[in-house]
Every structure is written in structure tokens, then in C-alpha cells.
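Welcome, and thanks for taking a look at this one with me. Here are my notes, in the order I would read them with the model open.

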Amino acid sequence: RTYGLVGAWKRPLFTGGWKESTEADTTVYNLQTPSIFIDIRFPTLRPDLSMASGLHDLSVDELRVLSRQHTFAGYSRPEEEGKLDG
């Protein structure tokens with residue numbers, strides 16, 4: 001049994017009522033394996049930070065933009081209809 005990547009797509013941003021991000025300033029990708037999903041979010045307008053050797057070289061504004069990059073993941077256990085435990 002293998003657990004390779006079975007899907008990857010860009011999707012609209014679901015904010016759940018929060019106002020700190022919109023589709024205009026955040027790009028969202030989802031990755032899916034048979035049992036794990038991953039949601040990755042990037043600020044659209046990120047400064048070029050390639051010259052920084054570490055976080056100590058960044059300004060407060062650059063750190064704020066960088067901190068908006070985040071991801072979360074979860075486990076899914078799909079079951080065939082009629083074959084649920086219990």
C-alpha cells in the first residue's frame with residue numbers, strides 16, 4: 001500500500017469570518033493523500049528576502065509578512081458507504 005500524493009490544487013480562500021486575509025492578498029493550495037490533507041497559505045505580495053542571512057536581518061514589516069505564511073494539516077479516514085465502524 002502506498003500513500004503518495006493524490007491531488008494538489010489552488011483553491012479560493014475560506015476565511016471563516018476572519019478579516020486578516022482575502023483572496024487579493026493570500027494564495028491557498030491544498031495537497032491530498034489518501035489519508036492526509038495539507039492547507040498551505042502564502043501572502044501574494046512578499047518582499048524579496050533572499051539577501052537576509054537570518055530573521056535578525058529582517059524589519060518588523062518583513063517579519064509580519066513572513067509570519068502570514070502558514071500551513072495546517074489533518075487526517076481523514078474516508079469509508080465506503082455502509083462500511084462505517086460502530
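1. A cut-off to begin with: a residue is called buried when its relative accessible area is under 20%, exposed when that area is over 50%, and partly exposed in between. Please also keep in mind that this is a predicted model.

2. Now the overall layout. The protein chain holds one helix and four strands, and along the sequence these follow the pattern β-β-β-α-β. Of its 86 residues, 17% count as buried. The accessible surface comes to about 6,900 Å², and carbon and sulfur atoms account for 58% of that surface.

3. Next, the sheet. The four strands make an open sheet in the order β1-β2-β3-β4, with antiparallel pairing. Its edge strands are β1 (7–11) and β4 (70–75), each of which pairs on one side only. On average, neighbouring strands of this sheet are turned by 15 degrees against each other, direction ignored.

4. β2 and β3 form a hairpin, with three residues between them. Finally, six bridges join β3 to β4, which also run antiparallel, and R41 stands opposite H70 in β4.

5. You will find D39 in strand β3, which spans residues 36–43. Is D39 buried or exposed? Its relative accessibility is 1%, and because the cut-off for buried is under 20%, D39 counts as buried.

6. What surrounds D39? Leaving aside neighbours within four places in sequence, D39 is in contact with R11, V28, Y29, N30, H70, T71 and F72. There is also a partner within its own stretch of chain: the side chain of D39 makes a polar contact with the side chain of R41, at 2.7 Å. R41 is also the residue that stands opposite H70 in β4, and H70 is one of the contacts of D39.

7. F72 deserves a look of its own. F72 lies in strand β4 and counts as partly exposed because its relative accessibility is 39%. How far apart are F72 and D39 in sequence and in space? They are 33 residues apart in sequence and 5.4 Å apart in space, C-alpha to C-alpha. With neighbours within four places in sequence left aside, F72 is in contact with F37, I38, D39 and R41.

8. That pair leads to a wider point about the chain. Among contacts between residues at least 6 apart in sequence, 47% join residues at least 24 apart.

9. One last stop is T26, which is found in strand β2. At 9% relative accessibility, T26 counts as buried, so the label is the one D39 has. Which side chain does the side chain of T26 meet in a polar contact? The partner is the side chain of R68, at 2.9 Å.

Conventions:
Residues numbered from 1 in each chain as written. Predicted model: local features only at pLDDT ≥ 70, side-chain atom pairs only at ≥ 80, totals over all residues. Heavy atoms only, no water. Helix = DSSP H or I, 4+ residues; strand = E, 2+ residues; numbered from the N terminus. Buried < 20%, exposed > 50% of the residue type's maximum accessible area, 1.4 Å probe, protein only. Polar contact = N/O pair within 3.5 Å; in protein donor to acceptor, adjacent residues only side chain to side chain. Contact = heavy atoms within 4.5 Å. Pairing = 2+ DSSP bridges. Axes fitted to C-alpha atoms, helices over the stretch in contact; angles between N-to-C directions. Areas by Shrake-Rupley, 256 points an atom, 1.4 Å probe, with all protein chains shown as cover.
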